[in-house]
2 protein chains.
Amino acid sequence: MKQVRAVRTRRLIVQAAADEFDRHGYAGTPLICVTKAAGISMGALTFHFPTKPDLADAVQASGTGLTREVVARVGGLSVPPVSRARALVLSIARLLSECTAVRAAARLSRERSTAGVWADAWLACLTELLRSAHEEGRLRSQVAPEAFAESVQFLITGIEEYTRCAGPGADADPAAVRRVARAWDLLLYGASRPAP
Amino acid sequence: MKQVRAVRTRRLIVQAAADEFDRHGYAGTPLICVTKAAGISMGALTFHFPTKPDLADAVQASGTGLTREVVARVGGLSVPPVSRARALVLSIARLLSECTAVRAAARLSRERSTAGVWADAWLACLTELLRSAHEEGRLRSQVAPEAFAESVQFLITGIEEYTRCAGPGADADPAAVRRVARAWDLLLYGASRPAP
């Protein structure tokens with residue numbers, strides 16, 4: 001019973017911290033703000049997460065874990081690589097628009113140079129899919145899959161900031177995904193070999 | 001003489017504040033850090049900028065002013081709209097990679113919902129150029145210039161974060177501009193009408 005309560009408190013803290021880190025960044029989030037948002041004492045917070053880096057690590061692990069789940073799900077789809085790549089990019093955009101832990105993970109991994117990079121959780125898979133599409137002759141030969149993937153990474157960072165600014169309540173708004181779809185389609189059209 | 005000194009001090013403060021806001025964001029930058037970075041007293045800081053919003057306004061005005069200068073310069077080039085659009089996008093990328101005031105203005109305008117949006121300084125011009133390119137038949141008819149411009153805006157946000165992470169010393173590194181050029185070329189190729 002005590003253990004269940006501890007797990008629940010940890011989850012509550014990580015969610016509150018994700019909201020704060022997402023909105024205000026690592027430097028802009030004092031632990032006192034997290035305790036207020038979670039409705040707990042500083043003692044309870046430091047019992048579970050002795051330091052701010054510990055707490056940020058937990059938020060990043062949570063957001064990165066959710067991202068890996070989506071990557072695994074998309075990776076298992078039985079569609080051509082280029083369709084899987086599109087599904088992956090739109091799924092990442094949806095995650096960013098719906099989940100502050102994922103947005104916080106993306107932001108924290110940029111702001112904390114010591115931490116693992118959130119993009120690693122999906123970028124390798126995307127690059128691999130684009131390589132397969134390239135090998136299948138789906139892309140123009142002069143388009144390097146790595147360069148294409150890098151352009152998508154910029155796009156995803158843009159969407160991350162867009163959904164952050166859209167703020168709470170934007171969760172139900174599919175605008176972010178629609179916008180990414182439009183940009184992806186332009187990029188893909190630009191990278192594709194013309195139909196014979 | 002006293003006036004010259006005051007102007008110089010204001011400039012020194014704005015530059016130090018730009019560096020701090022760029023790296024740590026609005027919430028993550030206490031005024032005390034700006035005084036340390038500028039090597040001045042808190043009294044001197046608040047004499048010139050009574051509040052944190054005043055200081056952030058000055059940084060945004062500085063970064064946005066520099067951006068407007070570049071937009072005016074590119075707008076005057078005697079090349080077709082699509083070439084001017086490319087020059088504009090690469091110039092904005094170069095500005096972001098070289099100038100912390102511009103990066104800070106971009107970041108602050110997102111983080112402070114009350115403030116003018118930095119992107120307004122260049123996005124209207126880009127959209128106008130893409131509209132002209134569309135009217136000239138340079139773009140595929142189904143590509144809306146506004147949607148194209150929005151994709152570029154995401155790309156620019158991505159580059160802003162990329163150059164911020166690249167950190168000091170990256171100024172001389174033209175990688176940001178090269179990366180934007182590659183992504184722009186993909187987008188443009190995707191948006192272009194095939195040669196007859």
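Which residue forms a salt bridge with A:R110, and how far apart are the closest N and O atoms? The partner is B:E161, and the closest N and O atoms are 3.1 Å apart. A salt bridge here is a side-chain nitrogen of Lys or Arg within 4 Å of a carboxyl oxygen of Asp or Glu. This is a predicted model, in which local features need pLDDT of at least 70, side-chain atom pairs count only at pLDDT 80 or more, and totals for chains, interfaces and linings use all residues. Residues are numbered from 1 along each chain as its sequence is written, chains are lettered from A and ligands numbered from 1 in the order in which they are written, and side-chain values use heavy atoms, with hydrogens and water left out.

**Fold of chain A**

- Chain A has nine helices and zero strands. Helices (H or I, at least four residues) and strands (E, at least two) are DSSP runs, numbered from the N terminus.
- The order of elements from the N terminus is α-α-α-α-α-α-α-α-α.
- Along the principal axes, the C-alpha atoms of chain A fill a box of roughly 65 × 30 × 30 Å.
- Chain A has 196 residues, and 53% of them count as buried. Buried means under 20% relative accessible area, exposed means over 50%, and partly exposed lies in between (1.4 Å probe, protein chains only).

**Helix α5 of chain A**

- Helix α5 covers residues 81-98, 18 residues in total.
- Its first and last C-alpha atoms are 25 Å apart, close to the 26 Å expected at 1.5 Å a residue. The expected span is 1.5 Å times one less than the number of residues.
- Because 13 of its 18 residues are buried, α5(A) is largely enclosed by the rest of the structure.

**Salt bridges between chains**

- Over all chains, the count comes to 32 salt bridges.
- The pair B:E161 and A:R110 crosses between chains, from helix α8 (residues 145-166) of chain B to helix α6 (residues 100-111) of chain A. Both B:E161 and A:R110 are buried.
- B:E150 forms a salt bridge with A:R179, with the closest N and O atoms 2.3 Å apart. This pair also crosses between chains, from helix α8 of chain B to helix α9 (residues 175-191) of chain A.
- B:E150 is buried, at a relative accessible area of 14%. A:R179 is partly exposed, at 24%.
- Salt bridges that share partners join residues of chains A and B into one network, including A:D22, A:R103, A:R110, B:E160, B:E161 and B:R164.

- A:R131 and A:E128 meet through their side chains in a salt bridge (3.0 Å, N to O).
- Both residues lie in helix α7 (residues 120-135) of chain A, three residues apart, about one turn of the helix. An α-helix has 3.6 residues a turn, so residues three or four places apart point the same way.
- A:R131 counts as partly exposed because its relative accessibility is 31%. A:E128 also counts as partly exposed, at 42%.

**Surface features of chain A**

- A:K2, A:R5, A:R8 and A:R11 gather in a patch of positive charge on the surface. Such patches take residues with over 30% relative accessible area and no salt bridge, and like charges are joined within 9 Å.
- A:R5 is found in helix α1 (residues 2-24).
- A:G39 sits in the loop between α2 (31-38) and α3 (42-48). A:G39 counts as exposed, at 64% relative accessibility.
- A:G39 and A:Q3 are 36 residues apart in sequence and 19 Å apart in space, C-alpha to C-alpha.

Conventions: Patch = residues over 30% accessible without salt bridge, like charges linked within 9 Å, V, L, I, M, F, W, Y side chains within 5 Å. Areas by Shrake-Rupley, 256 points an atom, 1.4 Å probe, with all protein chains shown as cover. Lys, Arg positive; Asp, Glu negative; His and termini not counted. Charge placed at Lys NZ, Arg CZ, Asp CG, Glu CD.
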